[in-house]
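Work through the exercises below with the coordinates open. Each task is followed by its solution.

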Amino acid sequence: ALGDSIMVVTFNPHTLNATLFSIPRDTYVPITCYGNAMSKITHAASGGDSCMINTVENFIDLDIDYYAKINFRGLMNLVDALGGIDVEVPYALCETNENRNFTEVITVEAGYQHLNGRQALGLSRNRKNYPTCGEEYNEGERSDFVRGQNQQLVMKAILAKAKTIRSVDQFYDIVDKVSMSLDTNLTREQILGFYNIFKKALLSTDSLTD
């Protein structure tokens with residue numbers, strides 16, 4: 001397996017500020033579990049969780065305490081469990097579906113949009129043009145850097161929508177719906193604790209930066 005989408009989240013408990021930092025998959029770095037051989041950082045995922053974590057720590061000179069991995073269907077289920085998310089989409093796009101084919105092409109229009117899980121996945125994955133979709137879905141810059149920015153838009157929208165969770169039972173129901181697609185070293189109780197802190201911060205200010 002490869003790590004195509006790598007995002008580091010730092011949180012300051014004193015200021016209640018969080019920062020998102022995306023690392024492009026093709027970033028050339030020493031891969032710690034392969035004797036620090038230079039390669040694309042995405043290849044660290046094939047060495048397991050510890051290899052990816054150690055490689056990222058070595059690259060950004062920052063200790064990482066917790067990790068979470070979610071697959072395509074997990075992201076879709078999370079967004080759908082939240083009732084969709086609201087995003088200012090930078091450009092109209094089309095993308096392959098969760099099975100990486102065009103049997104059910106994903107399309108997303110530009111502008112302020114309410115996205116379902118599949119559309120959020122399409123925006124998160126898009127990094128190139130697909131001429132077969134038509135010119136209207138191929139305007140605007142596409143790259144791995146742009147994909148990282150799109151993923152941050154989706155992450156911010158998920159956190160913003162999470163503010164509407166009204167009870168612990170609803171929170172755990174959402175966690176359970178994505179648990180089969182989620183790998184993390186956080187317990188359910190720790191996730192709830194972090195959520196409560198983030199919710200307090202998000203309700204008081206727009207504290208998430210990139």
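**Exercise 1: an aromatic cluster**

Task: identify the residues that ring pairs link into a cluster.

Solution: The cluster consists of F171, Y172 and Y195, linked by ring pairs. Rings of Phe, Tyr and Trp (its six-membered ring) pair if their centres lie within 6.5 Å; planes under 30 degrees apart are stacked, over 60 edge-to-face, and the rest tilted. Next, take Y172: the charged end of R188 sits over its ring, 4.1 Å from the centre. The criterion is NZ of Lys or CZ of Arg within 6 Å of the ring centre and within 35 degrees of the ring normal.

The model is predicted: local features need pLDDT of at least 70, side-chain atom pairs count only at pLDDT 80 or more, and totals for chains, interfaces and linings use all residues. Numbering starts from 1 along each chain as its sequence is written, and side-chain values use heavy atoms, without hydrogens and water.

**Exercise 2: a pair across the chain**

Task: classify the aromatic pair of F102 and Y130, and state where each residue lies.

Solution: The structure holds four aromatic pairs. F102 and Y130 form an edge-to-face one, at 5.1 Å centre to centre and 80° between the planes. F102 belongs to the loop between strand 7 (93-95) and strand 8 (106-108), and Y130, 28 residues apart, to the loop between helix 3 and helix 4. Helices (H or I, at least four residues) and strands (E, at least two) are DSSP runs numbered from the N terminus. F102 is partly exposed at 37% relative accessible area, while Y130 is buried at 14%. Buried means under 20%, exposed over 50%, partly exposed in between (1.4 Å probe, protein chains only).
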